[in-house]
Structure formats: structure tokens, C-alpha cells
Amino acid sequence: MQMATARVVPDCFTVNQRCDVRVEIDAGRKLDRGTEIEVQFPQSWTMDRCASFTTQYQTDDPRAPEFLLVHVPGERCAFEVRVEQRDFDTGSEMSRHGRRIYATLAEGTVPAGKPIVVEWRNTISSRRDEVEQVHVAIDGERIEPLLEIVTVATDEARMRVIAPSSVAPGQPFEVLIVSLDPYENASRTLHEGDALLGPDDEPLSGPLSFHGTCRVTVALADEGVHRLSYRGKLSNPLRVTTAPRGPYWGDIHIHTRWSHDAIGRLPYEYARDVSGLDFAAVADHAESAILGWDRLVAMANEANDPGRFVTLVAYENGLGAPSGHHNTYYLGAEGRCWLKPEFEGDIEQLNAMIPAEQAMSLPHHSAISCGRGPKGGTVDFAKTDVAHSPVIEIYSHHGQSERYAPDHVNAYEFNRWHKAGERTNRSIPGHFAQDAWRMGKRLGVIASSDDHYGQGGMDFEGIAGVFTDELTREAIWHAIRGRQCYGTTGERILLDLSVNGAPMGREMTARPGEELAIGIEVHGTDLLSRIELIRMDASGEFATVLEERPYELDFETIFTEEFGGAVMYYVRVQQEKMIQHRAVMAWSSPVWVDPA
């Protein structure tokens, strides 16, 4: 008896295009009535437009979308077809987008050597430029090795030039040039003949030739803030200084195919090689991450490369109110994925089970409805222990978590994740960062994407800037714990805040009547439309005490005022142009000043 074989036809697809797919299966033997054929395509093919919707197969209309047909050409065979929700790897029901096709031979027989054809017509190919796998089984026995289904990027839609945010004079560093297609894949467009240009438009490289991405090693001698360019596209601002401390840039809230509602097989490769991040963490949902936890931990450790690109071991618990969603980040190379029944879905109980010196559990989209009753998935900050939760995720693709402002373009109501302009979630007052600060919770801020495509670090979904002397897992973790960090919507805006020399995230004291010198330095990736210094006094009231509209790339100022009692300061930045319908913003961690 011959071994069963199968193949996918055609063998390659362009991303996000209308197409037909065939799986041809040769069982290598005669098949009788009752034989069951299984086929399951990867979640990247069954996710419909976004993380909230799933492809709905149908067997009634060959001209309509998502038509399924199972047949044996030239033979009088009939199959009964059904579709069930299944996880790709484990076969469990823990998958939003996993759909397994079962075709039972109801009439006739399949002669040996005759292929069974599973046709999927009028569908849309995956939006991810990846090699994925297709599950095929006969009577429960999977055909090995798994079939591969390949999607490749399309032409360039835009470009990014990504430089480190700080380097020493004369120190060689890498610049990443990325050509992106409309779906944020590294494009197939060929670039050749142009050089990377320095601050004075002098060539820093020879003529470049590349598809998709290109890394160029250069050095700058002069101290100060500079920008490089390629084909007219400016890089993020780069500070040349004798004491570089970053910020290093990372996205520590990335979902992958190991989450029940997400896709993406190579999250760390994308974060490093396409988004050009310095650090990253996959934080898949606990209920599905537990099924592949050893693999997820191994992926993080395999990708961890101190000094170049570092990772954190992490996962997400999607808790309901009053605990709210929290991501747990471990300091070391190991950690346990805790499930809600083990701590009754209560963040305080979870904190008691994990030593604070080993892990942080950070709240995110703290004031979002998520469609779950009047309180949704909100965070009650009365339950927040800053020893376990030193910072809050102030922005993700869901929107901003700074303050109640439901009409702001970056509010949860307008996150545009499903369709541009469609309201998708609701902001619930009383659960934003400003509310936590009013309650006396001294939280710093980061931003991360909560991306569900395995494409962390995109320039419109949220990233964190972290100040530290070295790029290691331990240094990044401790700097976040120490609130030496800030968040942006995805652009690498340089932001510095100090009060009498104390940087963001610090607590300090001053004598009543003493003047406070508040230093603000911002270097944008585009024209800066608004710089705001925001103060909260002992009464818990927030006020904008400085507002500038510079319409320049760079801004620096020293603001002074007399100290009269406990106060907190932070900076909010907005740029002129939007990216993907979202305002480009940054938020510093606060500085707290107490009476001496």
C-alpha cells in the first residue's frame, strides 16, 4: 500500500487577493463509504478582515464567496461536508478562527490512485507574507509532513527608515530601511541606485539594491539630534551623545497563531527584521497559550540576543471587571502561564501567587467596554498594587487609555480596527490612567500594540520607549519596573521630561515656595502640532499648565513655577499628520513632587 500524499494548488499566492485553492489528496489505497477526510487551512486564511470576524464556508452557491466542494474527478462519489471550530495544532475548540472541514464519503468508492479534490473557491488569501501549514487527515490519521501554503508580499505602499535613538560619536550603528506593502509586509518592490543620506544630505553609503528590507552600517561624528533619509523619507530622530541610554524601542503585547483569535507564526522575526524593534514579547491569551506554552517560552528564549534584540517571557489574562486585562512579564527565561480558575479571575489573588521580584502584571485598555455589560473589561484601580503593576499600557491599537475623551480620534470608539469610521468599543469613565493617578497610584506608562497579526511594532499601534544603559532582558525589565519609560502610538518620538533634574518616572521632594524647573525636550518624526505639560495637584485636578504649537520637528523649553504642595507632571505630545487614521502621539511617565 502506498503512502498517502497531498498537495496545495497553486503552490504560491499573493497576499490579500481573490483566489481559488485546491487540496488534492491521494490516499494511496481504495476508500470505501464512511471514510472521513479532514482539511484545515491556517488561521491566517480563515480570519476575515480582522481579529473579530471569521470566514464562513458555504456549500450552496458556487458563485458566492467561500464555496466548498469535495469531489473525485471522473467518479460517481458524493461527500457529506460539515465544518467545525477547531484549534489547528491541538484539535481543541479553543480557537476563534480555526475551522476544520470534514468530508465523509457517503456514496460510491474512491479507487486507488484517484485524487480527492477539496476546492475552496472565491476566497481571499492571507494578508501575511508567510509560509503556513495545511492539516490533511484520512480517518483521523494526519498526512505528514504537513502541507505548506505560501503567500508572498505585493508591491510597496510606503517606506520606513529606522535608526537607533541614541549612539556614541563615531560608533558604528545599523539603519534599517523597510519597504512595506499595503498589509505591512516587507514588499516585493526592488530598490536600487540610491544611497542613504546623512544630516546634510551627504551620502553615508554607496548605491543600495534590495527587496523588502536593507540594513546599512554607518557612523556619525557630530553630537546632537540628527535625521537620516532615503529617497526623501526621513528617519526617526537620532541623538549622538557621549552617554547613550536609548530609548530602546519595543512592543511587548503581540499575539500570534497560538492565541485563539490571532495569526502569525514568526512574531520575533517580524519585530526584529521588519519593525526594527530592540525588544519584544509575545503575550498570547492564557487559555490558548497554555496549549503551546513550552513552545512559546522556547521561541522567546531562542530569539533573545542581548545587545541586539531581546525578548521577555509573557502571556495575557483577559480578566473581566473589576480586575481587567493584565499581561504578565517574567524577568527570567522561564515562567508559568496561570489560568483564571486557578486564581478565581482576581488580579489580587494572582499577584499573591507570583513574587513581585520575578514578574510584573501590567493593565491594558483599562477603560474599554469589550461588550461585556456595564463595566466590560475595565480595571478597578483600587485593586492595583504598584509593586506588581508599576506601569500602565496607555495606548494600543484599541485606543488611548490616558483620559476619558470618547470623541478623540484615538478613543476606543474610533479605533478603526474593523472598518474605518465604525464605532467598535465604548469608553467607560473612571478607569483611565488619570483616574489611577488621582487615586494616588504612581504608575508609569508604556504603549504596545495588542496586535493580532503577529506584526508587532507597526508605526500606528503602539510601542514603548525605555531608558537603560544596556540592551538586555534584565535591563529592559528593571527599567520598566523603575518607570524609566514612555509610550507612543508607534512612532519613535524622542521625549524627555525632568523636574529639577529628576527624569520621568521618578519621585522627588521640594520645599514650599521653591521654584521647579521643568525641562521638556521633544524631537518628532514629523511636524509637532502640540506639546502639553499637564499637572495634577493635591486635589486630584488635572490642568494643562503649558501648551505650545510649534509646527517644527524639534522643541525644547524650561518651564518654572512655584511649588506649593504635592503635584505630578507629565507630557502629552501630538504630531500634525496622522498614520492609518490615528493621531500620532506620545505620553511621558510622570514625575511626582512631594513636600520636603
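Predicted model: local features only at pLDDT ≥ 70, side-chain atom pairs only at ≥ 80, totals over all residues.

Me: How many aromatic pairs does a search of the whole structure find?
Reply: The search turns up 15 aromatic pairs. Among them is Trp293 with Tyr315, an edge-to-face pair. The centres are 5.8 Å apart, with 90 degrees between the planes.

Me: Which parts does that pair tie together?
Reply: Trp293 sits in helix 4 and Tyr315 in strand 25 (residues 313-317), so the pair joins parts 22 residues apart in sequence.

Me: And Tyr395 with Trp587, stacked or edge-to-face?
Reply: Stacked. The Tyr395 and Trp587 rings are 6.0 Å centre to centre, with 25 degrees between the planes. This pair links distant parts of the chain, 192 residues apart. Tyr395 is in strand 28 (residues 391-396), and Trp587 is in strand 40 (residues 582-588).

Me: Is Tyr395 buried or exposed?
Reply: Tyr395 counts as buried because its relative accessible area is 1%, under the 20% cut-off. Trp587 is buried too, at 0%.

Me: Which residues form the aromatic cluster?
Reply: Phe13, Phe41, Trp45, Tyr57 and Trp120 make up one cluster.

Me: Switching to strand 8. How many of its residues are buried?
Reply: Seven of the nine residues in strand 8 (residues 116-124) are buried, so the strand is mostly covered.

Me: What does strand 3 do with strand 8?
Reply: Strand 3 (residues 18-26) pairs with strand 8 in the antiparallel sense, over seven bridges. Arg18 is opposite Ile124 of strand 8. Strand 5 (residues 67-71) also pairs antiparallel with strand 8, over five bridges. There, Phe67 has Arg121 as its bridge partner.

Me: What order do the strands take in the open sheet of three?
Reply: The order is 12-14-17, with antiparallel pairing. Strand 12 (158-162) and strand 17 (213-218) are the edges, each pairing on one side only. From one strand to the next, the twist averages 15 degrees.

Me: How many bridges join strand 14 to strand 17?
Reply: Six bridges hold strand 14 (residues 173-180) to strand 17. Phe173 faces Val218 in strand 17.

Me: Now the hairpin of strand 36 and strand 37. Which residue takes a positive phi?
Reply: Gly540, with phi near 90 degrees. The hairpin has four residues between the strands. Strand 36 (residues 515-537) and strand 37 (residues 542-548) run antiparallel and share six bridges. Leu533 is bridged to Leu546 in strand 37.

Me: Helix 8 next. Which residues are buried?
Reply: Helix 8 covers residues 473-481. Its buried residues are Arg473, Ala475, Ile476, Trp477, Ala479 and Ile480.

Me: What follows helix 8?
Reply: Arg483 follows, with a positive phi near 60 degrees.

Me: Last topic, the surface. Which residues form the nonpolar patch?
Reply: Met94, Ile290 and Leu291. Together they have about 220 Å² of accessible area.

Me: Where is Ile290?
Reply: Ile290 lies in the loop between helix 3 (286-289) and helix 4 (293-303).

Me: Why does Ile290 count as partly exposed?
Reply: Because its relative accessible area is 34%. Partly exposed is the range between buried, under 20%, and exposed, over 50%.

Note on methods: Residues numbered from 1 in each chain as written. Heavy atoms only, no water. Patch = residues over 30% accessible without salt bridge, like charges linked within 9 Å, V, L, I, M, F, W, Y side chains within 5 Å. Areas by Shrake-Rupley, 256 points an atom, 1.4 Å probe, with all protein chains shown as cover. Salt bridge = Lys/Arg side-chain N within 4 Å of Asp/Glu carboxyl O. Helix = DSSP H or I, 4+ residues; strand = E, 2+ residues; numbered from the N terminus. Buried < 20%, exposed > 50% of the residue type's maximum accessible area, 1.4 Å probe, protein only. Pairing = 2+ DSSP bridges. Axes fitted to C-alpha atoms, helices over the stretch in contact; angles between N-to-C directions. Phe/Tyr/Trp six-rings, centres within 6.5 Å; stacked < 30°, edge-to-face > 60°.
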